[in-house]
Amino acid sequence: MQKLFIDYTPENIITLDGEQARHIAKSLRMRVGDMLMINDSNGSDFGCKIEEITRDTVTLSVCYKQASNSEPACSVTIYQGNPKGSKLEDIIQKCVELGAVRIVPVSTKRCVSRPDEKSAKKKTERYNKIALEAAQQSGRGIIPEVCSLVSLKEALENDESQTKIVFYEGGGEPLRSLVGENTQSISIYIGPEGGFEKDEVDFLVSNGAKAATLGKRILRTQTAPVAALSAIMLITNNLE
């Protein structure tokens, strides 16, 4: 069932306008009587029936409410070395689909992309729209946040995860030795093109992170977070 997000808890009637109304009427070509799912962005799904479609609005009646069952039990935040080009867009889309709750671009020593404040703000807005679209497409129970670009030090200062893992091509522990079925919150640190410098890994490890490996092959910066997140979801029984 098609899912859309709103930022409030609905009662009996929901009126959608703007882009959401156009999406329902024109892109999805839905009609009066069709059903769709509305999520309040806090983990509750509302099964709704379309009652009226006008030029500018779509009116829905709430038929039932249920807790979203699509959110993983393990909360994963991705701290991604800021890549160049559109790679971060692909990372956001795939990681939202796989269950990440937050994606934080990080400026590291080997980052080529270093946008100014105005450009970074515009990109963050676009990134959050991509996260919204991916959350709707994959039936998430929340809209994962894409944060503004931060330094590695700022990332670590704001990281409250139970388990912190930095993936490093220089070697580390197997992921299964760091993550178990009952792990509840994880942050993963992925380097940009060229990876992390050794002193950055040392800094993370000295502040509680564990160095880990994703095998003997060196993965691209846009491949590593998807591989790591998939493995974490499998280990924590969130791919069943």
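Colleague: Hi! Which residue follows α3, and what is its phi like?
Modeller: G139 follows α3, and the phi of G139 is positive, near 75 degrees. Helices here are DSSP runs of H or I with at least four residues, strands are runs of E with at least two, and both are numbered from the N terminus. Keep in mind that this is a predicted model, where local features need pLDDT of at least 70, side-chain atom pairs count only at pLDDT 80 or more, and totals for chains, interfaces and linings use all residues. Residues are numbered from 1 along each chain as its sequence is written, and side-chain values use heavy atoms, with hydrogens and water left out.

Colleague: Thanks! How many residues does α3 have, and how far does α3 reach?
Modeller: α3 has 22 residues and spans 31 Å from its first C-alpha to its last, close to the 32 Å expected. That expected span is 1.5 Å times one less than the number of residues.

Colleague: Which residues of α3 are buried?
Modeller: They are A120, T124, Y127, I130, A131, A134, A135 and Q136. Buried means under 20% relative accessible area, exposed means over 50%, and partly exposed is in between (1.4 Å probe, protein chains only).

Colleague: And what do the buried residues of α3 pack against?
Modeller: They pack against β1 (3-5), α2 (87-98) and β8. Contact here means heavy atoms within 4.5 Å.

Colleague: Next, where is I142 found?
Modeller: I142 sits in the loop between α3 (117-138) and β8 (145-146). I142 counts as partly exposed because its relative accessibility is 22%. Apart from neighbours within four places in sequence, I142 touches F5, S41, G43, E71, V101 and A135.

Colleague: New topic: how many aromatic pairs does the structure hold?
Modeller: The structure holds one. Y79 and Y189 are stacked, at 4.7 Å centre to centre and with 10 degrees between the planes. Rings of Phe, Tyr and Trp (its six-membered ring) pair if their centres lie within 6.5 Å; planes under 30 degrees apart count as stacked, over 60 as edge-to-face and the rest as tilted.

Colleague: Where in the chain are Y79 and Y189?
Modeller: Y79 is in strand β6 (residues 75-81) and Y189 is in strand β12 (residues 185-190), 110 residues apart, so the pair links distant parts of the chain. Both Y79 and Y189 are buried.

Colleague: What about S185, buried or exposed?
Modeller: S185 is buried, with a relative accessible area of 18%, and S185 lies in strand β12. A polar atom of the S185 side chain lies 2.8 Å from the backbone nitrogen of Q162.

Notes:
Polar contact = N/O pair within 3.5 Å; in protein donor to acceptor, adjacent residues only side chain to side chain.
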